[in-house]
Amino acid sequence: MYTATRTKDLKSEGAYQVLAKAQALEKEGREIIHLEIGQPDFPTFENISQAGIRAIEEGYTRYTPPAGMPSLREVIAESAGRQRGLTFDPGQVVVSPGAKPNLFFPTLAVVEEGDEVIYPDPGFPSYKAMIQVAGGIPVPVPLLEENGFSFDLDAFDRLISDRTRLIILNSPGNPTGGILPLEDLEHIAAAAQEYDCWVLSDEIYTRIIFDGQEADTIAGLPGMGERTIIMDGFSKTYAMTGWRLGYGIMPVDLARKVGLLLTHSVGSTAQFTQIAGIEALQGDQQQVDEVVRIYQKRRDAIVSGLNSLPGISCQNPQGAFYVFPNIKTLGLSSQEAADLFLDKAGVATLPGSAFGKYGEGYLRLCYANSLENIQLALEKMREVL
Ligand SMILES: Cc1ncc(COP(=O)(O)O)c(C=O)c1O
C-alpha cells in the first residue's frame, strides 16, 4: 500500500538500533555494558512516584485540558521562570506527553513547506526528522570540538538567510555535552532578529550542569522572548523518561496553536503523570543536586579513562550525561568503532554518525551508569584496542 512521501526519509534513532543489537547479543548469553541509551540509571524519586500512585488511587485518570492542567502550567511557569531569572505567564506553557511533542508541534506550527531550518550537527536525531515531516529543509550547522562543541559561527553566518524560518539550539547538548556560551547566543540572537526567525531552544539538560557552571537561555536576551520557544521536561532531571512529561514555553498565540495540535493528536497528557510533575517541581530539589554530583564523578572517571586509551581523546563536557570522544586516529569509521566495541568488548556505544554527518569520527557514550560499569567498560575497551 501507498505511504506518504513525508515519511520516506524517516529513520529510527541510532540508540534504539544499537540497543536491539545489544539485546540480541545478551540473548546469546553475552554480557553487555549499556552506554548507548540516554536515560538516568536511577529510579524516579520516591516522592514523585508516590504522588503518581496516590493520584491513580484517587481517580485522577481522566482527560485534562490539552495544553495541561492549569495547576501544573502555573507551577511550571513559576519554577522554569525562577530558574532562568525570567517571568512566564501560565498561558505560555504547553504541557505534553514527553518533551518531544514540544519539539514537533511548534515546528509544525511555524515552518512552511520549503522553509529552511538550522539545527546543530551532531545533534539529537529527532530535529532533522521533524523538520522533514513539517516540509522544511534541514540545514545542519557543524558544532566544533575546539569550541567546546558550540556552533561554528562562520558556517552559521553563511547558512542563515531570508529563507531561514527556525533555528534549533540545544544547550547543554546531546550528544556532546557542550554548552553554548553567552557570546555565541548573543551572536545567534542578533541574526535571528535580523532575519526574523523563530528559535527553538531545547533545554532538557539545563539542570544537569557541572563545575558550578550555568547554561544561559537565549530567551533571556533582549528581543528574544517574542520569538523563542523553550522546550524542557521531566525525563532527565527527575528520571521520569517513561512517565512521558515535558513542556514548551512560548508566546501565548503560538501556545494556543500548539495546544490545538495537541488537541487533535494526543488529546492530553495523562492526568496522574501531571500530578506527579507538580510534586517533582515542588518537592525536594536537593535530590536533583545530589544526582548531578554523582554524574559529575562519573564524568570525571570516564573522561580521564577515555583519554588514557590509545587513539582516543575526549573533551570534558560541561553538561548532560554524555561524552563524545574523538576517535579519528583509530583509523576506523565511527560505525566500525562502535561495532568493534560492541562485538569484541561487549560495550554498547553509539557512532557519532548517528547524530549527523559532522558526528563522524566520534562516539557517544552515556555515563548514566554505575562507576563500576564505567571502569569495566574502559578496561574492556583498552583490551580490544
Ligand atoms: C536533546 C534531547 N531533546 C529532547 C529529548 C526528548 O525528551 P523526552 O523523552 O522527554 O521526550 C531528548 C531525549 O533523549 C534529548 O536528548
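Entry 1: I looked up an open sheet of 3 strands, whose order is 10-13-12 with antiparallel pairing. Its edge strands are strand 10 (322–323) and strand 12 (350–351), each of which pairs on one side only. I note that the model is a predicted one. I then followed strand 12 to strand 13 (residues 363–366): the two pair in the antiparallel sense over 2 bridges. Opposite P351 I found L363 of strand 13.

**Entry 2: helix 8.** I checked the length of helix 8 (residues 252–263). Its 12 residues, at 1.5 Å each, should span 16 Å, and the end C-alpha atoms do lie 16 Å apart, so the two values agree. Next I listed the buried residues of helix 8, which are L254, A255, V258, G259 and L262. They cover an arc of only 145 degrees around the axis and therefore sit on the same side of helix 8. I recall that an α-helix has 3.6 residues a turn, so residues three or four places apart point the same way. On the face turned away from the buried side of helix 8, I found the exposed residues D253, R256 and K257. The buried residues of helix 8 pack against strand 2 (93–96), helix 4 (101–110), strand 7 (198–202) and strand 8 (228–233).

**Entry 3: cysteines.** I searched for disulfides and found 0 in the structure. For C314, the closest cysteine sulfur is that of C366, 13 Å away, which is too far for a bond. I also looked up accessibility: C314 is buried, with a relative accessible area of 8%, and C366 counts as buried at 1%.

Note on methods
Residues numbered from 1 in each chain as written. Predicted model: local features only at pLDDT ≥ 70, side-chain atom pairs only at ≥ 80, totals over all residues. Heavy atoms only, no water. Helix = DSSP H or I, 4+ residues; strand = E, 2+ residues; numbered from the N terminus. Expected span 1.5 Å × (residues − 1). Buried < 20%, exposed > 50% of the residue type's maximum accessible area, 1.4 Å probe, protein only. Arc of directions from axis to C-beta. Contact = heavy atoms within 4.5 Å. Pairing = 2+ DSSP bridges. Disulfide = S-S within 2.5 Å.
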